Amino acid sequence: MSTAAPTRLSRLLAMVPYFLARPGIRLSVAAADLGVNERQLTKDLEQLFVCGLPGYMPDDLIDIEFS
């Protein structure tokens, strides 16, 4: 496993409470706060969108919306 994987996992886990506490935050602000560029943050959000509990039904996944 690469050393980037644990770092990304930690960031993904930190993103959940971060975004819950900041609804409507701009992508640029969130990227700066999380120490990544906007492209990487978008990739992380796309990954987070398909994370959740085993079973992988829609109600088991993390529910996010971003544009």
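Tutor: Let's start where two helices touch: Leu27, Ser28, Ala30, Ala31 and Leu34 in α2 meet Glu38, Leu41, Thr42 and Leu45 in α3. This is a predicted model, where local features need pLDDT of at least 70 and side-chain atom pairs count only at pLDDT 80 or more, while totals for chains, interfaces and linings use all residues. Residues are numbered from 1 along each chain as its sequence is written, and side-chain values use heavy atoms, with hydrogens and water left out.

Student: Which pattern does the chain follow along the sequence?

Tutor: It reads α-α-α, with three helices and zero strands. Both come from DSSP runs numbered from the N terminus: H or I over at least four residues for helices, E over at least two for strands.

Student: How are α2 and α3 oriented to each other, and why?

Tutor: Helix α2 (residues 27-34) and helix α3 (residues 38-48) pack at about 95°, their axes 9 Å apart. The axes are lines fitted to C-alpha atoms, for helices over the stretch in contact, and angles run from 0 to 180 degrees between N-to-C directions. Under 35 degrees is roughly parallel, over 145 roughly antiparallel, 65 to 115 roughly perpendicular, and the rest oblique. So α2 and α3 come out roughly perpendicular.

Student: Why is the pair of Arg8 and Asp44 called a salt bridge?

Tutor: The term needs a side-chain nitrogen of Lys or Arg within 4 Å of a carboxyl oxygen of Asp or Glu. The closest N and O atoms of Arg8 and Asp44 are 2.7 Å apart, so the pair qualifies. Arg8 sits in helix α1 (residues 4-21) and Asp44 in helix α3, 36 residues apart.

Student: What makes Arg8, Arg11 and Asp44 a network?

Tutor: They are linked by salt bridges.

Student: Is Asp44 buried or exposed, and how do you know?

Tutor: Buried means under 20% relative accessible area, exposed over 50%, partly exposed in between (1.4 Å probe, protein chains only). Asp44 has 0%, so it is buried. Arg11, with 15%, is therefore buried as well, whereas Arg8, at 26%, counts as partly exposed.

Student: How much of the chain counts as buried?

Tutor: Of its 67 residues, 16% do. Leu48 in helix α3 is buried, with a relative accessible area of 5%. Its C-alpha lies 8.7 Å from that of Met15, 33 residues away in sequence.

Student: Why is the pair of Tyr18 and Phe19 given the name it has?

Tutor: Rings of Phe, Tyr and Trp (its six-membered ring) pair if their centres lie within 6.5 Å; planes under 30 degrees apart are stacked, over 60 edge-to-face, the rest tilted. A search of the whole structure finds one aromatic pair. The rings of Tyr18 and Phe19 have centres 5.1 Å apart and planes at 90°, so the pair is edge-to-face. Tyr18 is buried at 9% relative accessibility, and Phe19 is partly exposed at 22%.

Note on methods. Contact = heavy atoms within 4.5 Å.
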